[in-house]
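Dear colleague,

Please find below the structure that I am handing over to you, followed by an account of what was found in it. I would be grateful if you read the two side by side.

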Amino acid sequence: MKIAVYPGSFDPVTYGHLDIIQRAADLFDRLYVAVLRNPNKKALFSVEERVEMLRLVTSHLENVECESFDGLVVRYAQGRQASVIVRGLRAVADFEAEFKMASMNRSLAPEVETIFMMTSAPYSFVSSSIIKEVASFGGSVGKWVPREVERRLIRRLRGGGEGEG
Ligand code: PNS
């Protein structure tokens with residue numbers, strides 16, 4: 001059984017993430033979509049909210065499980081018997097940070113391979129940060145995030161509670 005993990009912040013999940021999730025779910029028997037619990041990074045949504053949104057938007061994918069994880073991603077992957085870490089690549093700007101992460105992860109755990117999937121063209125410039133910025137200034141983000149995520153974004157940005165790392 002080929003198992004992969006797709007780690008990230010997912011604050012919140014976008015159609016760019018969902019594109020990678022759907023394509024990776026086709027390639028692997030099981031895919032764990034995993035939200036990093038990172039107390040050092042301020043987030044708009046709590047880890048639980050992010051996992052809940054991921055579960056909502058992936059409920060049609062039977063081999064996908066969404067959860068959170070702590071600490072090193074390679075340890076998390078090993079704990080899940082996953083041999084692959086999936087990451088999405090957008091523009092050239094993503095390359096350097098991803099190169100460093102993949103190289104470090106490979107050095108920590110050579111048996112865990114990182115694979116990159118090119119984000120589909122319509123989402124090549126979409127990030128959670130840019131979505132939050134547009135939504136915070138009242139712009140419509142319905143093209144880039146599922147309806148339920150947009151609804152929660154609007155509610156949160158109007159002052160509906162605080163997120164955490
Ligand atoms: O969605 P993001 O913020 O680009 O995801 C980054 C993430 C969570 C994949 C990365 O920060 C990570 O794997 N953190 C866990 C800690 C770790 O394993 N660090 C070593 C890799 S250099």
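The side chain of T58 reaches the backbone oxygen of L54 at 2.7 Å, a polar contact (a pair of N or O atoms within 3.5 Å; within protein, one must be able to donate a hydrogen and the other to accept it, and residues adjacent in sequence count only if both atoms are side-chain atoms). This is a predicted model, in which local features need pLDDT of at least 70 and side-chain atom pairs count only at pLDDT 80 or more, while totals for chains, interfaces and linings use all residues. Residues are numbered from 1 along each chain as its sequence is written, and side-chain values use heavy atoms, with hydrogens and water left out.

T58 lies in the loop between helix 2 (47-57) and strand 3 (64-69); helices (H or I, at least four residues) and strands (E, at least two) are DSSP runs, numbered from the N terminus. With a relative accessible area of 2%, T58 is buried (buried means under 20% relative accessible area, exposed over 50%, partly exposed in between; 1.4 Å probe, protein chains only). Not counting residues up to four places away in sequence, T58 touches L18, I21, V64 and C66, where contact means heavy atoms within 4.5 Å.

S127 counts as buried at 17% relative accessibility, and its side chain reaches the backbone nitrogen of I130 at 3.1 Å. Leaving aside neighbours within four places in sequence, S127 is in contact with T14 and R90.

Helix 5 (128-136) has S128, I131 and A135 as its buried residues. These cover an arc of only 60 degrees around the axis, which puts them on the same side of helix 5; the arc is that of the directions from the helix axis to the C-beta atoms. They pack against helix 1 and helix 6 (147-157). Just after helix 5, G138 takes a positive phi of about 85 degrees.

Helix 4 (residues 95-108) has 14 residues and reaches 20 Å from its first C-alpha to its last, close to the 20 Å expected at 1.5 Å a residue; the expected span is 1.5 Å times one less than the number of residues. Its buried residues are E98, A102 and N105. Seen down the axis of helix 4, they fall within an arc of 65 degrees, so they line one face. What covers them includes helix 3 (73-79), strand 4 (84-89) and strand 5 (113-118). The face turned away from this buried side carries the exposed residues E96, F99, K100 and S107.

As to aromatic residues, a search of the whole structure finds five pairs (rings of Phe, Tyr and Trp, its six-membered ring, with centres within 6.5 Å; planes under 30 degrees apart count as stacked, over 60 as edge-to-face and the rest as tilted). The rings of Y15 and Y123 have centres 6.3 Å apart and planes at 45 degrees, so this pair is tilted. It links distant parts of the chain, with Y15 in helix 1 (residues 15-27) and Y123 in the loop between strand 5 and helix 5, 108 residues apart. Y15 counts as partly exposed, at 27% relative accessibility. The rings of F69 and Y76, with centres 4.8 Å apart and planes at 25 degrees, are stacked. F69 counts as buried at 6% relative accessibility, as does Y76 at 10%.

Yours sincerely
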